Amino acid sequence: MPDSLRQSIAADIGLSETAYVEPTDPAFCLGSDVFKQHDTFKLRWFTPAAEVPLCGHATLASAAVLFTACGNTAPTLHFETLSGTLSVTRQQDSQRQLLQMSLPLSAAVDPLPAQLQPPASQTLTPAAAAAAAGKVGPADPDGKSPAAFSQLFAEAAQLID
């Protein structure tokens, strides 16, 4: 399937990422049991705007579909991606199936492709972020003090809970 069609489908679906799982060798497509019998696949993710190099939740979802809906019996599935090989291992406890994913170790880079980067006019500096959160005061006019950032992180943790 051409990338332009993948991108078009992802845009039509409109979710944060659309995952595409395919055999590592096109010759495997001839067999109907390819998703049941193999343990290594190619995996790519497209947002409505661009392909992205990594998407953890869609990787786990892809593995879950292969394990459950496709009946794949491999203990570990390997996905070849733009970020390297991601592996998902199935573990069973007494009441449920658990999936554990290992990620490749790599240097930190900006995860967003250029076409997804916000325009420079919309990028907030730490001081602007603190001001927007109402954390700038007379004792901290730039919002750069450790206390200001500690308060922002504390409030973020409360929102997550």
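Arg6 forms a salt bridge with Glu22, and their closest N and O atoms are 2.7 Å apart; a salt bridge here is a side-chain nitrogen of Lys or Arg within 4 Å of a carboxyl oxygen of Asp or Glu. Since Arg6 lies in helix 1 and Glu22 in strand 1, the pair ties together parts that are 16 residues apart in sequence. The model is a predicted one, in which local features need pLDDT of at least 70 and side-chain atom pairs count only at pLDDT 80 or more, while totals for chains, interfaces and linings use all residues. Residues are numbered from 1 along each chain as its sequence is written, and side-chain values use heavy atoms, with hydrogens and water left out.

The two partners sit in different surroundings, in terms of relative accessible area (buried under 20%, exposed over 50%, partly exposed in between; 1.4 Å probe, protein chains only). Arg6 is buried, with a relative accessible area of 5%, whereas Glu22 counts as partly exposed at 23%. Arg6 also has a salt bridge to Asp3, with an N to O distance of 3.7 Å. Asp3 and Arg6 are three residues apart in helix 1 (residues 3-13), and are therefore separated by about one helical turn. As a reminder, an α-helix has 3.6 residues a turn, so residues three or four places apart point the same way. Asp3 itself is partly exposed, at 38% relative accessible area.

Asp3 takes part in another salt bridge, this time with Arg44, at 2.9 Å from N to O. This pair links distant parts of the chain, with Arg44 in strand 2 and Asp3 in helix 1, 41 residues apart. Arg44 is partly exposed, with a relative accessible area of 21%. A search of the whole structure finds four salt bridges, and a network of them links Asp3, Arg6, Glu22, Arg44 and Glu51.

Phe46 brings several of these residues together again. Phe46 is placed in strand 2 and is buried, with a relative accessible area of 3%. Leaving aside neighbours within four places in sequence, the contacts of Phe46 (heavy atoms within 4.5 Å) are Asp3, Arg6, Gln7, Ala10, Ser16, Glu17, Thr18, Tyr20 and Glu51. Among them, Ser16 is 30 residues away along the chain, and its C-alpha atom is separated from that of Phe46 by 8.2 Å.

Stepping back to the whole chain, five helices and six strands are found; these are DSSP runs numbered from the N terminus, with helices being H or I of at least four residues and strands E of at least two. From the N terminus on, the elements follow the order α-β-α-β-β-α-β-β-β-α-α. Of the 161 residues in the protein chain, 23% are buried. Among contacts with a separation of 6 or more, 47% are between residues 24 or more positions apart. The accessible surface comes to about 10200 Å², and 60% of it belongs to carbon and sulfur atoms; these areas come from the Shrake-Rupley method with a 1.4 Å probe, and for residues only the protein chains shown count as cover.

Helix 3 (residues 56-68) has 13 residues and reaches 18 Å from its first C-alpha to its last, close to the 18 Å expected at 1.5 Å a residue; the expected span is 1.5 Å times one less than the number of residues. The buried residues in helix 3 are Ala58, Thr59, Ser62, Ala63, Leu66 and Phe67. Their cover includes strand 1 (18-23), helix 2 (34-37), strand 2 (40-46), strand 4 (76-81), strand 5 (84-92) and strand 6 (97-102).

Several of the covering strands also pair with one another, pairing being called when DSSP finds at least two bridges between two strands. Strand 4 and strand 5 pair in the antiparallel sense over six bridges, and a hairpin of two residues joins them. Within this pair, Leu77 stands opposite Val88 in strand 5. Strand 5 and strand 6 also run antiparallel, joined by six bridges, and form a hairpin with four residues between them. Here Gln92 has Gln97 of strand 6 as its bridge partner.

Finally, the cysteines deserve a brief word. The structure holds zero disulfides, a disulfide being a pair of cysteine sulfur atoms within 2.5 Å. Cys55 is buried, at 4% relative accessible area, whereas Cys70 is partly exposed, at 29%.
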